[in-house]
Amino acid sequence: MNYVLEINNLSKNYGSVQALNNVSYKVPAGTVFGILGPNGSGKTTMLGIIMDILRATSGGIQLFGETPTAEHRRRMGTLLETPNFYHYMSAVDNLKIAAAIKGVDNPDIEGVLKKVNLFERKDSKFQTFSLGMKQRLAIASCLLGNPEVLVFDEPTNGLDPVGIAEIRTLIKAVAQEGKTIIMASHLLDEVEKVCTHVAIMKKGTLLASGSVDEILANDDMAETGAANTAQLMQVLSSMPGQTKVEAGLNGKVNVHFPIGTANLAQLNQHCFNHGIVLDHLQMKKKSLEAKFLEMTN
Amino acid sequence: MQKLLQIEWMKVRNYRTFWILASLFVAAVVGINYISYSINTQVNNTTSAIGLGTGGPFEFPKIWNTMTWMSSLLLYFPGFIIIFLITNEYTFKTHRQNIIDGLSRKQFVMVKLNLAWIIALASTIVVFVATALFGIIDGSTFTFEGMEYIAYFFVCSLIYVLFAMLLALMLRKAALAVGIYFIYGLIIDNIIPGILRKYLDGKPYGTYFMPLDVADGLLPFPFFKNQIDAILRMPNPYICLGICVAWVVFYHWFSIRKFEKEDL
């Protein structure tokens, strides 16, 4: 498998604060890779090191399977933390500079501005833009030269709901072209909706990484209750199709099924056939949020 | 490097502050020299004793010394320009974005150093043209004799601009860099050699070794030359040049090292 990015034992200290602690993972080509973590978990620090604007304390990275150089960064479109442009220059002039640095000949500046709905304001100065417009200009800049890899740090930051939906649609469309997208976010919902792979970070350490289905597996769970809890657990364990039986809250018993296969009528019938009368039966969807909180707390 | 300079040109072209400061510098060079020129004319009209025999300070070849010295008082302007061009990048965080978009750290700092040389060269050209015009208007015959002062002025500008660049790289904020540059250049840079004067008497470089002061030492005070020389004991220009070159090398080394090593 080809990896766009490999991170090997990366650590970064700011004085006594350890922002990254021995983080390692790989981003396969062609994936939409989400880096998920609460504020201050080290997402931006890590992207900063990848982009050579921060120095790692130890460990290293590889881009496209090679030691990173400026040349590799030109093949990536990156929005890191905030939209950074020359305030006194127009959108078009700012994009001209970005294109010149990236070494893009004949950049399709009008095209990328249209993609982010900024074409009408192309000659306005950057300093007159709203936060959402600045963010969209930054995304337009990332698209210049049609790079193989896109890196977005909180891409929907500062956007209104319509803008958020537009950017997500854009990201999905870009992903369909076979490009690799690396996206840092503290919004679970965003990662769930857009990403194929995810790395979860907390306080500079990597908690888990892999495909979204694996990591944020959303199974069906039914909460059951009966007078005799021990017997209930035994009976449920014998039920075909279940994946896990565990003690829940307040003497309840939780039984898990693969996603979309839980059937409460069958469950009730099974218990009844084995001499158990349920006094509680409820379908519980374990939300992604609960999973995330469970992992990061 | 040509491509990188083109990118810098795109940044500068639309930057109004740059053009205002640059025009002010040109106007100020003409203005400050015109003021001293007219004072000199009036003095000569009333008492013909000063400047007798050796030719007036605004006649070739003496004018090269006079006008480069006068103009060197204005070298803070080119310094301000480089400070704004560099601190802008920090303010807009475009120093990060330029690296992210695909410049290497070395390219970023090297093109700024190139810019510093270009600004110093442009300032020198302004002064050269102004001096030639004043001299010709004054009516004496143009001569390249004494032209070494134009070369000294270039070195002096380079020192001022590179020192300003170092401050900008270290402080990152325009107001702070401008303030410290001004106070340092006007006061501290002169006070330290003054304090150390008694240990420095008899040294070949005299009191001229501080970052900016040594550059000033290349351009001696042009008026009342005989009397002044006895008091100030101007240093040997070649020794000054040597120290200047050492500073230039240091500024390059420090700027590159700083920008390559630190978190941006």
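How many residues does the contact take from chain B and from chain A? Chain B gives 21 residues and chain A gives 25, counting two residues as in contact if their C-beta atoms, placed from the backbone, lie within 7 Å.

Before you click around: this is a predicted model, where local features need pLDDT of at least 70, side-chain atom pairs count only at pLDDT 80 or more, and totals for chains, interfaces and linings use all residues. Residues are numbered from 1 along each chain as its sequence is written, while chains are lettered from A and ligands numbered from 1 in the order in which they are written.

Stay at the contact and select α1 (2-13) and α5 (94-101) of chain B, the elements that give two or more residues to the side touching chain A. Helices are DSSP runs of H or I, at least four residues, and strands are runs of E, at least two, numbered from the N terminus. The largest share of that side, 7 residues, comes from α5(B).

Next, go to the open sheet in chain A: 6 strands in the order β5-β6-β7-β3-β8-β9, with mixed pairing. Strands pair if DSSP finds at least two bridges between them. At the edges, pairing on one side only, sit β5 (76-79) and β9 (205-211) of chain A.

Zoom in on β3 (32-36) and β7 (180-185) of chain A, which run parallel and share 5 bridges. Here G34(A) stands opposite M183(A).

Last stop: β1 (3-14) and β2 (17-28) of chain A, antiparallel and joined by 8 bridges. Pick E6(A) and you'll find K26(A) opposite in β2(A). Then select G15(A) in this hairpin, which has 2 residues between the strands; G15(A) takes a positive phi near 60°.
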